[in-house]
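These notes are meant for someone opening this structure for the first time. Please read the numbered points with the sequence and the model side by side.

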Amino acid sequence: MKLFRWKNRRTRTLCYMTLLGLLLLAAYLFGLLIPEEAVATDFMNAKLPPSLEHPFGTDSLGRDLFFRTLKGLSVSITVGIFASLISAVIAVLVGVAAAVGSKWLDNAICFVIDLFMGVPHTVLVLLISFALGRGLKGLLVGIAVTHWTGLARVIRGEVLTLRNHPFVAVSRRLGKSSGWILRHHLLPHLLPQFLVGLILMFPHAILHEASISFLGYGLSPEQPAIGIILSESMKYLSAGLWWPAVFPGLTLVLIVLLVDKFGDNLKRILDPYSAQE
Amino acid sequence: MEQQPLLKVEDLSVTFRMYDGALAQKDLSVITDLSLTVYPGEIVAVAGSSGSGKSLLASAVLGLLPGNAVTGGKMYYRGELLTSEKQKALRGKEIALVPQSVSFLDPLMKVGPQADGAKKPLPTKRRKSIFQRLGLPEKTEKLYPFALSGGMARRVLVSTALISDADLMIADEPTPGMTLNQALEALTIFREMANEGKGILLITHDIDLAFAFADRIAVFYAGTTLEIASAKDFQNGPDTLRHPYSKALWQALPQNGFVPLKGFQPYAGHLPQGCLFAPRCPYKKERCERETPSMREMRGGEVRCFYAT
Amino acid sequence: MKEKILPFLGAFFAKGVRMLALLLVVSIAAFALVSLSPVDPVQQYLLGAGPVSEEQRAQVEEYWGVNDPPVERYFNWLSSLLSGDMGISTLYRRPVSDIIGERFFNSIALMLCAWLLSGGIGFALGCVMGAKKDRWPDRILKKVCYLFSSLPTFWLGLVLLLVFAVWLAWFPVGFSAPIGMLDSEVSLWQRFYHLLLPALTLSLASFSNIALHTRQKLIDVLEDDYVLFARARGEGEGTILRRHGLRNILIPALTLQFSSFAELFGGSVLAETVFSYPGLGSAAAEAGLNSDIPLLLGITLFSALFVCVGNLIADMLYRVVDPRIREERR
């Protein structure tokens with residue numbers, strides 16, 4: 001009975017996650033597959049409020065905002081995935097290096113982490129994006145480079161605890177190589193941390209991407225990124241055009257909440273004890 | 001004349017609802033069938049080794065068990081049933097707790113105001129005289145708890161009970177971390193308070209000190225009492241004691257031969273069938289492993305054993 | 001008295017040295033980054049506006065040390081920086097230090113309001129959630145906190161702007177002062193009036209962190225031994241919250257709030273841009289967009305200094321307020 005209930009809960013979480021994952025995937029693919037014509041300029045239909053034909057309305061150039069938003073989302077998701085993937089890999093490398101390296105290296109890495117935390121992220125991303133001549137590359141690098149610090153600290157702490165764990169000491173006494181210990185003891189413990197860290201980093205990356213695009217860095221104005229749509233919407237806000245500001249933003253928030261939920265559930269499945277509340 | 005007991009505990013049981021693993025639920029019985037009484041003017045020691053659930057007794061009497069605990073049985077204060085409202089009303093007024101360690105003091109509050117408590121009007125004058133009586137220097141009240149020495153902290157904790165002027169005091173392990181002199185000093189204070197007519201429930205693992213200062217001793221084992229006897233019986237030795245465990249405890253004391261008892265006290269959740277002491281009992285019979293004995297009166301004390309004489 | 005202050009000064013000094021080292025490295029990194037960019041500061045200056053005299057051109061070239069190797073260029077720049085010369089903004093054609101000074105005044109007003117507001121809201125909500133753990137106020141407020149932490153700051157600003165400025169017309173659509181008015185004519189009330197929406201945006205975007213942190217801290221405190229003892233002494237839940245709860249969660253909350261200057265500044269870049277508020281944040285965004293290297297560098301360094309000062313205050317606060325650290329060496 002007890003086992004059954006536990007299984008039930010686990011199954012429910014898994015189903016829930018699958019659903020969330022499919023939803024995200026659908027949004028992403030849908031955005032990719034929308035043909036250019038769907039978001040083509042059409043001055044006859046400019047500034048239309050939401051209707052059945054245009055659920056999110058149209059913008060000042062007559063482009064359908066629903067399709068534009070979806071297209072923007074898939075751009076955001078792409079940038080988010082790559083940026084957080086790079087960031088998480090940096091985090092693992094740096095975190096492990098800090099934990100197993102010399103005291104000197106550890107201090108140096110902690111100093112670098114302090115350095116990254118010492119400049120407001122938005123300013124740092126602006127600076128990096130500026131240095132790389134703005135555009136997609138600057139945006140990606142900027143976000144990837146600023147998001148690894150928190151996870152790196154977690155990984156460093158985790159490795160430090162693992163290193164002092166009896167089973168690692170026993171393995172070492174048994175003459176196992178560092179590589180063996182790394183493969184058999186460290187990696188299995190770090191993988192869940194990495195996955196959860198990666199997925200929880202993703203919403204931040206998307207939010208930062210949107211913010212930086214909104215400020216006019218990053219993606220070029222023709223691209224349908226959410227930040228750019230919202231930035232354009234500002235010009236017509238005082239004229240009462242509310243839909244270009246409201247719907248794309250809401251969709252972005254929805255995606256962020258979905259991914260957050262997905263990450264929380266993954267955490268619960270990978271580590272049922274820490275998530276027990 | 002039969003005096004009315006200050007505190008009467010009848011068949012108290014405490015069970016914890018635990019979450020085992022991710023989501024499976026499990027009940028863990030920590031105290032079972034515990035009965036004892038405390039009369040005005042006496043010190044009753046509840047003595048047992050650590051891990052026997054003694055401290056929960058204090059929480060149960062005060063109504064301060066965590067939310068996932070379920071209690072059974074009845075408790076009476078001066079003949080009145082202790083409901084949770086009653087406990088709330090009596091806490092800190094009629095029943096006072098002397099906690100175990102300095103961690104029970106707010107680390108960010110100076111000792112003086114902290115000992116005064118939240119009651120209006122503040123008993124500052126009374127507190128000052130009690131501090132003096134306990135030998136706490138004048139400047140103590142301006143210190144933060146972390147700056148107190150072990151003995152000072154103990155006296156500050158005792159002072160909180162004295163300030164409240166409660167009639168029943170529950171002292172939870174009041175002596176660990178103290179030197180012998182400090183422990184004697186603290187227990188002397190309890191003795192004085194008992195002589196003034198207060199009842200004291202002394203929860204301790206220090207059987208030696210319990211012998212010396214208590215009037216009656218309840219031997220606590222695996223969540224219940226095995227014997228309740230006057231301290232005199234313990235001073236006289238195994239012949240006047242009733243339960244095999246009490247006798248073994250006596251023999252385990254350094255001055256009585258240091259004979260250790262084999263085996264371990266069972267943990268909550270792994271209690272044996274029948275008599276809880278049976279697995280370690282040198283005199284056990286077949287019935288002991290089947291049936292659970294209940295407390296019965298014998299030679300002016302009480303014992304939980306089928307075959308005690 | 002002396003023995004109390006000395007260790008404090010020692011710690012202050014050590015932290016200060018670390019802070020300076022950090023700032024130095026930030027300056028190196030920032031300088032390296034802008035050197036990497038395809039934009040040439042001298043060209044940018046000349047490109048800007050109208051006729052430039054030979055003299056001015058020479059001055060700018062000297063400032064950036066165009067013909068020197070990068071390391072030397074950095075040290076040249078650093079030494080002028082240390083003597084207070086942050087260069088001339090190519091966008092505004094005025095010394096960067098003047099612009100930062102002016103704009104910081106606007107920004108600090110905005111950030112202070114937002115900081116106090118988010119701290120107040122966050123702390124209060126955190127207390128409510130912690131005290132009512134797992135009951136309905138906690139559940140609802142926790143959802144609210146998670147929701148707000150997922151809202152992009154700039155979109156929150158857009159929505160507030162839409163609702164309060166466009167639809168309800170309670171507030172102006174932008175600028176820290178009415179257009180066409182001299183700076184000296186602007187009353188304090190008008191300034192406040194224009195500052196309210198951006199400040200609200202900034203605080204709504206950041207209160208959830210402190211709220212969730214305070215909630216957890218209060219839950220931990222309420223499970224501590226000394227709270228159990230306070231209950232045993234007959235103190236009611238309200239009294240316990242006032243006497244022991246607040247006392248023990250206030251320092252961590254304040255510390256967290258002081259160490260959140262980075263998020264505050266980062267948020268101000270977005271909030272100021274949405275509301276066209278003339279502060280440092282919007283200046284940073286404009287500087288990057290218009291390739292105004294001196295201004296961008298100046299603001300980056302300034303923001304790092306701002307964050308460092310917050311962290312320093314947070315660290316020192318513990319030493320001043322917490323008796324365990326304050327008196328440990330006695």
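1. Chain C has 14 helices and zero strands; helices (H or I, at least four residues) and strands (E, at least two) are DSSP runs, numbered from the N terminus. Along the sequence, chain C therefore reads α-α-α-α-α-α-α-α-α-α-α-α-α-α.

2. This is a predicted model: local features need pLDDT of at least 70, side-chain atom pairs count only at pLDDT 80 or more, and totals for chains, interfaces and linings use all residues. Residues are numbered from 1 along each chain as its sequence is written, while chains are lettered from A and ligands numbered from 1 in the order in which they are written.

3. Of the 330 residues of chain C, 42% count as buried. A residue is buried if 20 or more other C-beta atoms lie within 10 Å of its own, exposed if 12 or fewer, and partly exposed in between, with C-beta atoms placed from the backbone. Among contacts in chain C with a separation of 6 or more, 72% come from residues 24 or more positions apart; two residues are in contact if their C-beta atoms, placed from the backbone, lie within 7 Å.

4. Helix H12 (residues 280-289) of chain C is mostly covered, with nine of its 10 residues buried. Among them are Leu280(C), Glu286(C) and Gly288(C). The buried residues of H12(C) pack against H4 of chain A, and also against helix H5 (96-131), helix H11 (261-274) and helix H13 (293-321) of chain C. After H12(C) comes Ser291(C), with a positive phi near 50 degrees.

5. In the interface between chains A and C, 37 residues of chain A are in contact with 37 residues of chain C. Helices H3 (103-118), H4 (121-131), H8 (178-214), H9 (226-237) and H10 (243-270) of chain A each supply at least two residues of the side that touches chain C.

6. Arg91(B) lies in the loop between helix H2 (84-90) and strand S6 (95-98) of chain B. Why does Arg91(B) count as buried? Because 22 other C-beta atoms lie within 10 Å of Arg91(B). Leaving aside neighbours within four places in sequence, Arg91(B) is in contact with Leu62(B), Arg231(C), Ala232(C), Arg233(C) and Gly234(C).

7. Both faces of S6(B) are covered: Ile95(B) and Leu97(B) are buried on one side, Ala96(B) and Val98(B) on the other. S6(B) runs parallel to strand S7 (residues 168-172) of chain B, and four bridges join the two. Within this pairing (at least two bridges found by DSSP), Ala96(B) stands opposite Met169(B) in S7(B).
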